[in-house]
Amino acid sequence: MNERTNRLALESSPYLLQHAHNPVDWRPWGDEAFAEARRRGVPLLVSVGYSTCYWCHVMERESFEDPGTAAVMNERFVCVKVDREERPDVDELTMGATVTFTGRGGWPTTVFFEPEGLRPYFAGTYFPRDERHGLPSFTRVLTAMSEAWHEQRAEVIEQAERLAGAVAEQLNGADEPVALGPRHAGKAVETLLQIFDRADGGFGGAPKFPQPVFAELLLDVRDRADGPTRDAVDQAVRVTLDKMAAGGLHDHAGGGFHRYSVDRHWTVPHFEKMLYDNAQLAHLYARAAGLYADSWYARVAERTCGYVLREMTDAQGGFHAAQDAEVDRREGLNYLWTPDEIDAVLDADDAAFARRVYGLDHSANFKDPHHPDEPARWVLRMEGRPEAVAERLGMEPDAFLARLDGINARLLAERDGRDQPGTDDKVLAAWNGLMIAGLARTAATLGPERGRRFREAAERAARFVLGSMRSPEGGLYRSWRQGNAKIHAPLEDHAFLIHGLLMLAKHADDPAWLDGARALAAHAERVFGDGQGGYFDTAADRSDLFVRARTTHDGATPSAGGVMLQNLLDLHEHTGDDAWLDRAIGLLRSLSAAVDRAPVGTLNPVRALLRLMSMGEALGGRYAFDTADPEPTRPERKAPVTVLANTDSVEVTPDTPGVFKVALEIGPGWHIVAAEPGETDMPLQPLRVGLTRGSGVAVYADYPAGEPHGVEGVGEILVHHGRIEFDVVLEHKPGVGASPGTPVLGVSYQACTDTECAPVHTTELEIGVVLKG
């Protein structure tokens, strides 16, 4: 190999190939790297990322392409690059070590392993080439970790033992089963409804993630709920789906959804597009379209699936993993517009229409934070549902959408002529399983004619994965690219593909899909079953992993065990074979302690619990449900938070806003979640001031920045302690508000200790709002 090509040139992962010409002597994760580290007597430096990760690109440009930094890395370590999407098993361990060691996570992860036991002794995320923002330079970290290994070997080994032990306890805790029942499902629903953002939809604050599993659970509950709960569920689901589809998270010109929104209003996304997000959101919108008879939701699902078929489909039939956020090293550049660019594509009437519909007649909503000299641009977004926008324009909804379709087609054609974001074109069995399910559900919602191409695409993908990604042992390979299938798949791939096959079995008349699902379920039991009802994430023969994990958290992607539990119940429904039901009950028992601790973090097991509770006598006494009262028997701790305002009256006119101050005094031992808590997919309610009822004003607050605070199992978030004070501004906005009537203001917050959180609380302010003019 020449000096500018390393061993990653022999890999198939697009992420690893991005690093194949670094001066770093990278190796892939595997025995060759481990043997070399042991031969040389040096630690392993393991860098984990993925091809569409912005900060991964930054660290490569700053450090991995720098010959001086690379020389230090090569001299002192055996350097290993890991694609987290190809190796979720390794990513689980390195991320667990990073969160345990630092209190926060994120990619890239930078983890140092001792070579004999392959246990981590130091972990972090992004390190800059030069010291800044309180972060040490990467070379300083490298030197310190190398010197510690050579000069303090015993202490390093001891630290590695402690860190690996903590991660192992977190990822494979053996908990005794507990009885589950209605109170666990009720707690999950109660928590979701408490953290639901009534103004902007979604759950929790910025950054906002789509969280489709949250809405899926609420839709499961809907038909079982009493009237008030059903109304609350409908509000939470519909406001969330409406706001996401109208906002900038949704790609209006091309279809599909970006990764998440950096703001609470769903306006500015992080622009990468992930197959797993679009798969789950297509399924959710298609399901909601059927339940609510909502043609716009069906349209959103259809355009999302259309985007995947157009831009994310391999010639062999599988679906690609992701599209990058960056174009020409600029965040989202392909997706952004200016009024002049709109005018250049469309005639004058259509340009004026597009500017009004997509908000280009208002101030720009995007400024690149990494390139402040770049001009401001616009992310396309609508101010509401299509029928509402059409009414404001004096148009019929069908005519409005027909005109918008023509405009979108021309904008997309223009956009296709720009430099394009990179596509990670590997095919992952797990994510393909999710997409197969999303396509099958969308096809069923759209009907035989309109949905045919999506059903056919789902069947073609299923045949491809079952034919080209099958191992000789009857299981799956994790990843395929350009004819090369590799890496024996963990449980996740089997569970997610079974899910897709069962969705096809429900909506397509071909016994092959049910047969394939049964065969994979039997293989998963043999390879991943623990013999006591549960599943491990990985096979037993993995000497490179210091713990055999069994994860339970349902986040951006659902946990494998939770999906497998739903699959087993589906197999029982398809076949009538009670053996599948017995297997499902055993798995629920193995997950029960995790559900009891955090129902909202284990929503697929909660959904399965609801299904079992609805079976009644058909369950045959197989499961003894917890019959305790839904309300906790112990009194809830009242969070010692006092909310104060510096006035009892504020006047607002069309020309002059009202301004006043709010203070919160937080008792010892407690903190409240800041207005901008940082990136986390945990359902935390940030500090908010807004209307609790009434209308006529828009509410803005100059929230203070939070303080970093590490929380076990969550990572680092930003919070407030002691006393905070900030300004609130009221602007005269007729018609804006929660309901008709005099505006009433409230402060919502979630107070927590280091071990528990009180329910979200809203304190109404005793301030009279006087509207004049």
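Visitor: How many aromatic pairs does the structure hold?

Guide: Rings of Phe, Tyr and Trp (its six-membered ring) pair if their centres lie within 6.5 Å, and planes under 30 degrees apart count as stacked, over 60 as edge-to-face and the rest as tilted; the structure holds 26 aromatic pairs. One of them joins F271 and F366, whose ring centres are 5.7 Å apart with planes at 80°, so this pair is edge-to-face. This is a predicted model, in which local features need pLDDT of at least 70 and side-chain atom pairs count only at pLDDT 80 or more, while totals for chains, interfaces and linings use all residues. Residues are numbered from 1 along each chain as its sequence is written, and side-chain values use heavy atoms, with hydrogens and water left out.

Visitor: Are F271 and F366 buried or exposed?

Guide: Buried means under 20% relative accessible area, exposed over 50%, and partly exposed in between, with a 1.4 Å probe and protein chains only; F271 and F366 are both buried. The rings of Y276 and W431 have their centres 4.8 Å apart and their planes at 75°, so that pair is edge-to-face too. Helices (H or I, at least four residues) and strands (E, at least two) are DSSP runs, numbered from the N terminus. Because Y276 lies in helix α11 (residues 275-292) and W431 in helix α17 (residues 429-446), their pair ties together parts that are 155 residues apart in sequence.

Visitor: Which residues form one aromatic cluster?

Guide: The cluster is made of F77, F101, F112, Y121, F122 and W149. W149 lies in helix α6 (residues 138-151) and is buried, with a relative accessible area of 4%. Contact means heavy atoms within 4.5 Å, and, not counting residues up to four places away in sequence, W149 touches several residues, including Y121, P43 and I157.

Visitor: Which cysteines form a disulfide?

Guide: In general, a disulfide is a covalent bond between the sulfur atoms of two cysteines, and here the term is applied to a pair of cysteine sulfur atoms within 2.5 Å. A search of the whole structure finds one disulfide, formed by C53 and C56, with their sulfur atoms 2.3 Å apart. The torsion about the S-S bond of C53 and C56 is about 80°, so the disulfide is right-handed, and both C53 and C56 are buried.
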